[in-house]
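Subject: Handing over a structure, with notes

Dear colleague,

I am passing this structure on to you, and my notes follow below it. Please read them with the sequence and the model open beside you.

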Amino acid sequence: MQAKNNPSTMPAGDALRDAPASPRSASLVARLTRWNLAVLVSTLLLCFVLIATAGWFSAQERQASLSQASAQVLANSLATMLVFEDRDAARAELQSFIRRDDVLELQVLMTDGKLFAQWEAAGQRSDLLVSEAVKVSAARHEADAQQLRVWIPIMLRGERVGVLYLRESLQALRQQLQQAIIMAALLMAAGILVASRALRYVQRRALWPLVELSRLAEQVAADQNYSRRARVHHPDEVGRLTERFNQLLRRAEAWQTELNRQLREEQAAGQQYQRLAHEDSLTRLPNRLYFQSALQRLLAHSREHRESLSLMFIDLDNFKLVNDGHGHEAGDQVLVEVSRRMSAVLRSSDVLCRLGGDEFALILPGLGPEGVVTTLAQRLIAVVRDPILINGQAVQVGATVGVASFPDDATDDAGLLGQADAAMYAAKRAGKNTYRQAGKVNSHDA
Ligand SMILES: Nc1nc2c(ncn2[C@@H]2O[C@H](COP(=O)(O)OP(=O)(O)OP(=O)(O)O)[C@@H](O)[C@H]2O)c(=O)[nH]1
């Protein structure tokens with residue numbers, strides 16, 4: 001039963017696949033995935049920027065070291081040329097050095113600041129501060145985002161004889177780094193895409209018991225079916241929450257069962273009261289209260305369907321003598337027997353009621369021609385008249401009947417009642433044990 005009611009009993013994989021997508025704002029899974037992705041992307045970006053910056057400075061430093069080393073070799077070669085002022089040899093030496101593409105400028109200065117030899121790439125203008133350069137006593141370099149500058153003192157036998165200035169472009173290095181950054185960024189984007197999918201899947205899996213619990217709560221709130229149970233997936237916090245929720249469901253189910261039982265009992269008691277309110281406790285026939293509403297209801301039906309309806313007023317004759325002669329209890333037995341006998345000759349659609357004392361009323365919907373009514377009245381008088389055996393003694397009562405018909409004698413319940421009552425009294429005056437039809441009461445009876 002649990003499995004039938006409970007969508008959580010389906011295999012987790014299927015359930016995850018079949019789960020309808022919640023609106024983004026309402027889904028805990030989506031929200032957590034977004035938060036996790038935000039943290040992941042920010043961390044990766046930060047790392048990326050730090051690594052790229054560190055990479056740039058380290059590459060720049062490596063380039064500077066290499067350039068400084070090669071400039072030092074050049075400076076060593078130029079030392080004797082400087083001393084002997086062999087400018088042609090110096091220029092040839094510079095030419096062999098500038099085969100490297102990234103060299104922008106080379107200058108060889110003598111210690112008094114005079115230019116000994118130089119080379120500049122096309123379109124380049126020297127930016128050398130001679131006054132600063134001649135003071136250089138140890139190799140040093142400087143770099144910005146675009147260029148690298150190297151100063152090397154030219155030494156011969158421990159004596160400074162000049163200065164070599166080298167300026168290089170860092171464009172190639174920058175391009176290499178840019179390519180590396182683009183490649184890393186692409187790899188990172190692909191990684192984030194994969195991570196977002198993986199995070200979504202992992203979080204859906206991890207949060208599935210919670211999602212399931214929330215759905216179950218919604219279902220229970222909608223259909224009030226407390227027999228549902230949530231499945232406990234793992235014995236963790238959510239598992240314990242689920243157990244507590246199931247406990248609440250069990251209690252609510254017990255309350256609901258108890259409430260339903262009480263409701264059923266109250267309904268049954270209500271029906272019983274209803275029945276008792278409309279039933280005569282002695283004869284079990286419908287009582288006067290029921291008679292009034294039944295007459296109104298059946299008259300309305302006859303009016304609507306253009307059918308006839310007859311009403312008989314039946315009053316027992318000499319009933320008081322039974323009470324007086326045989327006791328009240330014997331009188332009760334006579335009332336019960338008379339009710340039984342009259343009921344036995346009626347159709348199921350006829351309604352016989354005890355109005356009180358020895359008075360009865362009989363509603364006959366759609367009984368048809370007058371002859372049928374007359375026959376029935378005679379029959380009723382006959383069955384009542386038959387002696388009744390009470391405590392071994394035959395007791396006899398009679399019945400006087402007054403009949404009124406709708407729509408001939410009256411068209412409403414009060415009119416019909418008055419007419420039947422008057423006809424019954426006319427029959428009494430005519431000598432009892434007989435019947436009279438309203439409208440046919442002759443002047444002698446009246
Ligand atoms: N045993 C018994 N008697 C009742 C009950 N209700 C009323 N009675 C009596 O029924 C009698 C009815 O009186 P009447 O209708 O005047 O007496 P009757 O002898 O039938 O008179 P007629 O109708 O003129 O023939 C009274 O004596 C009431 O006390 C009851 O539930 N049980």
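How many residues lie between β3 and β4 in the hairpin that they form? There are 3 residues between these two strands. Before going further, please keep in mind that this is a predicted model, in which local features need pLDDT of at least 70 and side-chain atom pairs count only at pLDDT 80 or more, whereas totals for chains, interfaces and linings use all residues. Residues are numbered from 1 along each chain as its sequence is written.

Overall make-up

The protein has 446 residues, of which 25% are buried; a residue counts as buried if 20 or more other C-beta atoms lie within 10 Å of its own, as exposed if 12 or fewer do, and as partly exposed in between, with C-beta atoms placed from the backbone. Its secondary structure comes to 12 helices and 12 strands, where helices (H or I, at least four residues) and strands (E, at least two) are DSSP runs numbered from the N terminus. Among contacts with a separation of 6 or more, 62% are between residues 24 or more positions apart, a contact being two residues whose C-beta atoms, placed from the backbone, lie within 7 Å.

The antiparallel sheet

An open sheet is formed by 5 strands in the order β2-β1-β5-β4-β3, with antiparallel pairing; two strands pair if DSSP finds at least two bridges between them. Its edge strands are β2 (115-120) and β3 (140-143), each of which pairs on one side only. On average, neighbouring strands of this sheet are turned by 10° against each other, direction ignored; axes here are lines fitted to C-alpha atoms, for helices over the stretch in contact, and angles run from 0 to 180 degrees between N-to-C directions.

Helix α3 (residues 28-83) packs on this sheet and touches β1, β2, β3, β4 (147-156) and β5 (159-169), its direction making about 35° with that of β4. Helix α4 (residues 87-97) also packs on the sheet, touching β1 and β2, and its direction makes about 30° with that of β2.

Strand β1 (residues 103-110) is joined to β2 by 5 bridges, and Val108 stands opposite Ala117 in β2.

The mixed sheet

Another open sheet has 5 strands in the order β7-β8-β6-β11-β12, and its pairing is mixed. Here β7 (351-356) and β12 (435-437) stand at the edges with a single partner strand each, so one side of each is left without a neighbour in the sheet. Neighbouring strands of this sheet are turned by 20° against each other on average, direction ignored. Helix α12 packs on the sheet, touching β6, β11 (398-406) and β12, and its direction makes about 145° with that of β11.

The nonpolar cores

Which residues of the largest nonpolar core touch the most other members? Of its 48 residues, these are Met312, Val401, Val403 and Ala420, a nonpolar core being a set of buried Ala, Val, Leu, Ile, Met, Phe, Trp, Tyr and Cys residues joined through C-beta atoms within 7 Å. Helix α12 (residues 413-429) gives the most to this core, with 7 residues. Not counting residues up to four places away in sequence, Ala420 touches Leu311, Met312, Phe313, Gly402, Val403, Ala404 and Ala438. A second, separate core has 24 residues, including Ala71, Val103, Trp151 and Ile152.

The ligand shell

The ligand is surrounded by 15 residues, the closest being Asp317, Phe319, Lys320, Gly331 and Gly357; a residue is near a molecule if its C-beta atom, placed from the backbone, lies within 6 Å of it. At least two residues of this shell come from each of β6 (309-317), α9 (319-326) and α10 (328-344).

Arg275 lies in helix α7 (residues 237-277) and is exposed, with 12 other C-beta atoms within 10 Å. Gln296, found in helix α8 (residues 288-305), counts as partly exposed with 13 C-beta neighbours inside 10 Å. Gln296 and Asp413 are 117 residues apart in sequence, yet 6.1 Å apart in space, C-alpha to C-alpha.

With kind regards
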